Amino acid sequence: MRHENIEVNSGLMIALIMVVISIGGLVEIVPLFYINETVEKVDGVRPYTPLELRGRDIYQREGCYLCHSQMVRPFRDEWLRYGHYSLAAESKYDHPFQWGSKRTGPDLARVGGKYSNQWHVQHLLKPTSVVPESIMPNYPWLLNNDLDYSDIADRMTALRRTGVPYSLTQAEYDANVKTFGKTVADQLDISQAQDNLLKQARTFNYDGLPNRVTEMEALVAYLQVLGTMVDFSKYDEGYFAEFR
Amino acid sequence: MSETTTNQQKPTAVQTTGHAWDGDLQEFNNPLPRWWLWSFYATVVFAVIYWFLYPTWPVGSSWTKGVLSATFTEGGKQETMRWNTRSALLEDLQTGADATRQREYFEKIAAADFATIQKDPQMLAFVNQAGKRIFETNCSACHGRGGQGVVGLFPNLVDDDWLWGGTFKDIQYTITHGRNGYMPSFKGTLNTAQLDDVASYVLSLSGEVQADEASARGKQIFEGPVGGCYMCHGDAAKGIKSMGSANLTDKIWTLANVPAATTPEAKIEAVKAVVSNGVINVRTMPAWDGRMSADEIKLMAVYIHQLGGGQ
């Protein structure tokens with residue numbers, strides 16, 4: 001084909017540019033779907049409970065991902081600061097994943113259990129009250145707003161369509177019992193979603209307000225579970241290296 | 001414009017592409033600069049070498065693994081496996097130059113007892129440097145960068161007042177296992193007048209307010225079955241280490257913000273609020289076992305001990 005034919009025909013040129021550009025993406029992305037070892041085989045990773053899921057939605061609504069990544073990379077400095085590097089398996093139920101590459105604030109992939117609920121509440125209300133040098137904005141409305149959980153079943157059903165194993169039928173529930181055990185399978189049962197959400201909020205009282213279920217409650221529940229699902233003491237480190 | 005046009009029309013050694021726009025606008029067909037061209041070839045060569053050394057091309061359900069390898073020790077035996085970011089990290093964590101240098105010091109710390117570390121300037125210098133970083137990464141979010149804490153929320157680590165004990169061993173235990181401070185709410189047990197009396201008594205212990213009739217009544221409640229405060233705070237109200245109960249006889253306040261109160265009434269209000277609400281799910285420190293290594297925790301015990309008031 002003569003170069004001139006492409007240069008003077010903008011429709012053809014657009015089509016060919018798209019072909020050339022997509023090669024880069026295809027080469028990097030497509031193999032991940034048929035390479036067996038992309039997602040590590042580890043125990044413990046489960047979909048979020050209804051309360052944690054609402055927290056994740058609030059995390060996205062408030063744009064936390066704009067300043068916080070959730071991806072500890074395999075470097076010594078990150079290992080020392082944040083802990084074990086993130087596994088692909090740890091975000092396999094995240095749609096969309098929250099990896100990110102912009103770190104105005106610290107990475108949050110392993111923040112679960114690092115601080116107390118009380119600290120999270122205080123810090124979200126007014127970060128500078130506990131970390132004076134912080135530039136994070138205040139989120140006072142999280143404690144004022146009662147959590148809207150009326151549509152929690154719909155939210156879980158939507159994620160179920162993307163492949164997250166929230167269960168609608170008895171067969172799906174039984175499959176979850178087999179994969180995750182009964183306690184987790186109950187949490188993944190869409191028909192029980194509201195009860196589960198309220199029960200978790202009452203039991204753990206993340207926001208410190210015993211009589212209310214606030215948006216703070218959901219967000220702190222979500223933050224406290226981040227990076228805590230895999231028990232790394234159960235695995236040899238070399239095991240994870242086999243997957244790359 | 002017309003001048004440059006005439007310039008371009010001069011015959012030159014460089015060929016044009018043969019196009020002409022607007023009648024006289026032509027395009028030189030210069031060869032690429034040599035430095036650019038050779039740089040380009042160099043990147044091609046680099047890429048080919050890279051394919052051989054590192055994991056690169058997907059092939060079926062696997063990929064080309066590359067010829068480089070990384071060596072690390074696991075479960076007491078040395079393993080050499082193909083290079084990837086994870087095996088390389090393991091090698092770096094175990095035998096990297098920085099890790100090796102640091103481990104030397106950590107091993108010294110692990111082997112020495114607390115009294116020895118405290119007297120050894122070299123080890124202490126390492127404790128201060130490494131401890132500062134670990135403190136900023138893990139502890140400072142609650143206790144503040146300098147360990148000053150937040151009045152009403154998180155304890156101060158630089159004074160000589162300790163809820164759970166300030167010896168090396170105590171601090172080491174606190175970091176390893178975390179702490180959960182608790183005081184019941186007295187809202188339902190004591191009425192407003194009684195709360196006032198107890199608050200007066202508590203404040204009189206440290207001379208914040210003058211002892212008077214109210215504080216005498218408060219003493220009855222504190223030491224009697226109605227309040228029963230002595231059960232946790234001790235007969236002398238000096239606190240009991242194993243319970244993490246506060247010493248009420250000194251002027252150090254961690255929950256009631258007494259120092260900020262200017263009048264006796266405001267001080268009483270501050271103490272009353274704490275007695276009334278109790279300390280429930282507020283004084284929760286996570287366990288750091290697992291997040292920090294045992295050696296790091298030991299180092300942090302020394303670091304925090306020497307921040308101020310180690311016992």
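## Basis of the description

Helices and strands are here DSSP runs, numbered from the N terminus, with at least four residues (H or I) for a helix and at least two (E) for a strand. The model is predicted.

## Chain A: overall form

Chain A holds 12 helices and zero strands. Its pattern along the sequence is accordingly written α-α-α-α-α-α-α-α-α-α-α-α. Along its principal axes, the C-alpha trace of chain A spans about 75 × 50 × 40 Å.

The domain assignment divides chain A into domain 1 (3-33) and domain 2 (50-242). Between the centres of domain 1 and domain 2 of chain A, taken over C-alpha atoms, there are 39 Å.

## Chain A: annotated regions

An unreviewed UniProt entry annotates residues 12-34 of chain A as "transmembrane region". In the model, the span of residues 12-34 of chain A is 100% helix and 0% strand, and its end C-alpha atoms lie 32 Å apart.

According to the unreviewed UniProt entry, the annotation "domain: Cytochrome c" covers residues 50-160 of chain A. Helix makes up 37% of residues 50-160 of chain A and strand 0%, with the end C-alpha atoms 13 Å apart.

## Chain A: the pair α5 and α11

Within chain A, α5(A) packs with helix α11 (residues 215-225) at an angle of about 125°, and their axes are 10 Å apart. The crossing of α5(A) past α11(A) is right-handed.

On the side of α5(A), the contact is made by A:N117, A:H120, A:V121 and A:L124, and on the side of α11(A) by A:M216, A:L219, A:V220, A:L223 and A:Q224. Sorted by class, the contact of α5(A) with α11(A) comprises six nonpolar, three polar and no charged residues.

## The contact between chains A and B

Chain A and chain B each bring 29 residues to the contact between them. On the side of chain A that touches chain B, the elements that give two or more residues are α2 (10-34), α4 (76-82), α5 (117-125) and α12 (237-241) of chain A. That side of chain A consists, by class, of 12 nonpolar, 11 polar and six charged residues.

## Chain B: domains and their contact

For chain B, the domain assignment gives domain 1 (69-123) and domain 2 (133-307). The C-alpha centres of domain 1 and domain 2 of chain B are 39 Å apart. Five residues from domain 1 of chain B and five residues from domain 2 of chain B take part in the contact.

On the side of domain 1 of chain B that touches domain 2 of chain B, α4 (97-111) and α5 (114-119) of chain B each supply at least two residues. The largest share of this side, three residues, belongs to α4(B). By class, this side of domain 1 of chain B has five nonpolar, no polar and no charged residues.

## Chain B: annotated regions

In the unreviewed UniProt entry for chain B, "domain: Cytochrome c" covers residues 126-206 and 213-308. Residues 126-206 of chain B are 52% helix and 6% strand, and the end C-alpha atoms of this stretch are 39 Å apart. Residues 213-308 of chain B are 43% helix and 7% strand, with end C-alpha atoms 38 Å apart.

Methods:
Residues are numbered from 1 along each chain as its sequence is written. Chains are lettered from A and ligands numbered from 1 in the order in which they are written. This is a predicted model: local features need pLDDT of at least 70, side-chain atom pairs count only at pLDDT 80 or more; totals for chains, interfaces and linings use all residues. Domain bounds come from an automatic or database domain assignment. Two residues are in contact if their C-beta atoms, placed from the backbone, lie within 7 Å. Ala, Val, Leu, Ile, Met, Phe, Trp, Tyr, Cys and Pro count as nonpolar, Asp, Glu, Lys and Arg as charged, and the others, Gly among them, as polar. UniProt positions are given in the numbering used here, feature names are shortened, and annotations may be inferred rather than shown by experiment. Axes are lines fitted to C-alpha atoms, for helices over the stretch in contact, and angles run from 0 to 180 degrees between N-to-C directions. A crossing is left-handed if the near helix is turned anticlockwise from the far one by less than a right angle, and right-handed if clockwise.
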